[in-house]
Amino acid sequence: MGVWITETQVWAFACVFVFMMCDIISGFLQAVVNHNVQSVKIREGIVHKASIALIIFAVYALELTANHVAGLHIDGLGTVPVCVIVILMELVSIWENVCSANPELKNSPLGKLLESTIEIDGGDNHDR
């Protein structure tokens, strides 16, 4: 019957989970620092993470369908890139949370590099 999940996919799923947890923790910490902890925001964040996880699961299901029903053999070509995109999104969100808790970091060399990268991409990510 074959392998249902590749080692690369396992690593991709695990890394997404780790980055999501880091984003949740950094978001909570910045809310504590800014005296702005709100259960509504926490629920929205959890729903947001769940919806992203659902998309990853749907892409994985599509990959399984393509492999086992259509015989297209596209192992890892769908879930891994989606996971990489999600990891990059989470990394930006973590950076925004950390800068919100510690505004001095925005003026650091890394902050200036990220700011110039965001401007090149056509805008800021604060309205996500």
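Start by selecting Glu90: is this residue buried or exposed? Glu90 is buried, with a relative accessible area of 2%; here buried means under 20% relative accessible area, exposed over 50%, and partly exposed in between, using a 1.4 Å probe and protein chains only.

A quick note on what you're looking at: this is a predicted model, where local features need pLDDT of at least 70 and side-chain atom pairs count only at pLDDT 80 or more, while totals for chains, interfaces and linings use all residues. Residues are numbered from 1 along each chain as its sequence is written, and side-chain values use heavy atoms, with hydrogens and water left out.

Glu90 and Lys49 form a salt bridge, with 2.7 Å between the closest N and O atoms; the term needs a side-chain nitrogen of Lys or Arg within 4 Å of a carboxyl oxygen of Asp or Glu. Glu90 sits in helix H3 (residues 79-101) and Lys49 in helix H2, so this pair ties together parts 41 residues apart in sequence. Helices are DSSP runs of H or I, at least four residues, numbered from the N terminus. Lys49 counts as buried too, at 10% relative accessibility.

Next, pick Asp23. Its side chain meets that of Lys49 in a salt bridge (2.4 Å, N to O).

Finally, show Asp23, Lys49 and Glu90 together: they're linked in a salt-bridge network.

Conventions. Helices (H or I, at least four residues) and strands (E, at least two) are DSSP runs, numbered from the N terminus.
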